[in-house]
Amino acid sequence: MLHGGCLCGAIRYTTDGVPYHESICHCSICRRASGAPFVAWFSVPRQSLSLVSGAPGWFRSSPAAERGFCARCGTALFFRSSAHPDEIDITTASLDDPALVPPRDEIYTETRIAWLATLPRLPSFAAAREQAAPPRPPTPA
Ligand SMILES: [Zn+2]
Ligand SMILES: [Zn+2]
């Protein structure tokens with residue numbers, strides 16, 4: 001059983017479905033809908049999803065598809081398409097424990113943001129940068 005919900009807690013869900021199509025999506029619609037560089041998703045049978053509390057708002061993001069979100073806090077939660085009526089996609093990062101559903105592939109990489117490739121080379125901090133920032137190099141006058 002997987003448990004998840006939105007940031008404010010208004011929407012809580014569970015699913016006892018076996019996840020499939022665990023993917024990171026780089027499409028421009030996911031990017032815009034989430035405000036994030038990419039979105040991790042997994043699919044389950046639609047009837048395996050139970051809303052424990054709240055009800056999502058739905059936005060039609062393309063002629064065949066709608067995206068479910070918390071109308072109070074804005075968390076992106078679900079994707080459903082009339083092309084796959086027995087299926088619903090859930091944002092992996094809305095799970096209480098996203099580590100339980102690791103991605104197995106990446107899709108729409110033709111629109112992946114180029115700078116994602118630089119992430120392994122960026123300075124990293126275990127917590128907020130302000131806590132551990134190294135001295136800035138002198139700025140040329
Ligand atoms: Zn919420
Ligand atoms: Zn996408």
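Helices here are DSSP runs of H or I at least four residues long, strands are DSSP runs of E at least two long, and both are numbered from the N terminus.

## Ground rules

What you're looking at is a predicted model, so local features are reported only at pLDDT of at least 70 and side-chain atom pairs only at pLDDT 80 or more, while totals for chains, interfaces and linings take in all residues. Residue numbers start from 1 along each chain as its sequence is written, and chains are lettered from A and ligands numbered from 1 in the order in which they are written.

## The overall picture

The chain has 2 helices and 10 strands. Going along the sequence, they come as β-β-β-α-β-β-β-β-β-β-β-α.

How much of the chain is buried? The figure is 25% of its 141 residues. Buried means that 20 or more other C-beta atoms lie within 10 Å of the residue's own; 12 or fewer makes it exposed, anything in between is partly exposed, and the C-beta atoms are placed from the backbone. As for contacts (C-beta atoms, placed from the backbone, within 7 Å), 59% of those with a separation of 6 or more are between residues 24 or more positions apart.

Strands of a sheet pair through backbone hydrogen bonds, either parallel or antiparallel. For this model, two strands count as paired if DSSP finds at least two bridges between them.

One open sheet has 3 strands in the order S1-S2-S5, with antiparallel pairing. S1 and strand S5 (49–53) are the edge strands with a single partner each, so each has one side without a neighbour in the sheet. Neighbouring strands here are turned by 25° against each other on average, direction ignored; the angles are taken between axes, which are lines fitted to C-alpha atoms (for helices, over the stretch in contact), and run from 0 to 180 degrees between N-to-C directions.

S1 and S2 run antiparallel and are joined by 4 bridges, with Gly5 partnering Arg12 in S2. The loop between strand S1 (2–5) and strand S2 (12–15) holds Gly9. Gly9 counts as partly exposed because 13 other C-beta atoms lie within 10 Å. Its C-alpha atom is 20 Å from that of Ala33, 24 residues apart along the chain.

## The seven-stranded sheet

The other open sheet to look at has 7 strands, ordered S6-S7-S8-S9-S4-S3-S10, and its pairing is mixed. At its edges stand S6 and strand S10 (105–107), each with a single partner strand, so one side of each lacks a neighbour in the sheet. From one strand to the next, the twist averages 30°.

Start at the S6 end. Strand S6 (residues 57–62) and strand S7 (residues 65–69) run antiparallel over 5 bridges, Phe59 pairs with Arg67 in S7, and the two strands make a hairpin with 2 residues between them. S7 then pairs with strand S8 (residues 76–81), again antiparallel and over 5 bridges. In that pairing Phe69 has Ala76 as its partner in S8. This hairpin has 6 residues between its strands, and Gly74 in the turn shows a positive phi of about 90°. Next along, S8 and S9 are antiparallel over 2 bridges, and Phe79 stands opposite Asp89 in S9.

## The nonpolar core

In soluble globular proteins, nonpolar side chains tend to be buried together. A nonpolar core here is a set of buried Ala, Val, Leu, Ile, Met, Phe, Trp, Tyr and Cys residues joined through C-beta atoms within 7 Å. The largest one has 21 residues, and Cys25, Val39, Trp41, Leu77 and Ile90 touch the most other members. Strand S3 (20–25), strand S4 (39–45), S8 and strand S9 (87–91) each give two or more residues to this core, and S4 has the largest share with 5.

Which residues does Ile90 contact, leaving aside neighbours within four places in sequence? They are Gly4, Thr15, Trp41, Phe42, Val44, Leu77 and Phe78.

His21, in strand S3, has a positive phi near 50° although it is a residue other than glycine. His21 is partly exposed because it has 15 C-beta neighbours inside 10 Å.

Tyr108 is another non-glycine residue with a positive phi, near 55°. Tyr108 also counts as partly exposed, with 16 other C-beta atoms within 10 Å.

Key:
Two residues are in contact if their C-beta atoms, placed from the backbone, lie within 7 Å.
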